[in-house]
Amino acid sequence: MAIRIPKATDAGLGREQQRAVNAFQEINASPISNNRFSTANEIGEAGQSISNNFGNVAVKRYEQQLKVADENAALESYNGFARELNENANMGENAWFSRKGKNALGTYGEAQKTMDKLAEKYSQSLQNDRQRNQFLQRVGNHRLSMEESLSRYEATQRSAYQYRDWETDRKSTRLNSSH
């Protein structure tokens, strides 16, 4: 038995007559008038609107670039401040957190003066109020943290010094009374 494969013409396809296609579109064009409601005026307004939008985008982009530049300048100054403050606080024998006993007394006041000088030094390179405000905000946060740590450290060293002083007095009193 032979198998018959159906064709498109068996289903009635391909026998339709082609429709005529009109390749030309009818355009109803009227001349541009000079009145204020004309098409030319509308096109001009649309162009102006597009131009304004591009201008607004350019202005916003420029403002964003200024904001980023200001943040970078403030951050750069703050990094210098923090680096120098860290050296005063932690590096060397005379660093604030390296001092022991009575040598640590007065460290808190000294640190405040140093932080004021460093903040003044590093804020001078900033060019506008936005940069200075961002810098001072960062410095203020750092300063609060540093002052809290120094206050605790100085109090601990004061207590240790007073205890050693008291212990020395007690031993010397005991020695003097035994003689």
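Threonine 156 lies in helix H3, which spans residues 129-178, helices being DSSP runs of H or I with at least four residues, numbered from the N terminus. The model is predicted, with local features requiring pLDDT of at least 70 and side-chain atom pairs counted only at pLDDT 80 or more, whereas totals for chains, interfaces and linings use all residues. Residues are numbered from 1 along each chain as its sequence is written, and side-chain values use heavy atoms, with hydrogens and water left out.

At 49% relative accessibility, threonine 156 counts as partly exposed, a class between buried (under 20% relative accessible area) and exposed (over 50%), as computed with a 1.4 Å probe on protein chains only. Its C-alpha atom is separated by 9.6 Å from that of lysine 100, a residue 56 residues apart along the chain.

Helix H2 comprises 17 residues (107-123), and its 24 Å reach from first to last C-alpha is close to the 24 Å expected at 1.5 Å a residue, the expected span being 1.5 Å times one less than the number of residues. Buried residues of H2 include Thr107, Ala111, Met115, Leu118 and Tyr122. Because the buried residues of H2 fall within an arc of 150 degrees when seen down the axis, they line one face of the helix, the arc being that of the directions from the helix axis to the C-beta atoms. On the other side of H2, Lys113 and Lys117 are exposed.

Leaving aside neighbours within four places in sequence, phenylalanine 81 is in contact with Met115, Leu118, Ala119, Tyr122, Phe135, Val139 and His142, contact denoting heavy atoms within 4.5 Å.

How values were computed. Helix = DSSP H or I, 4+ residues; strand = E, 2+ residues; numbered from the N terminus.
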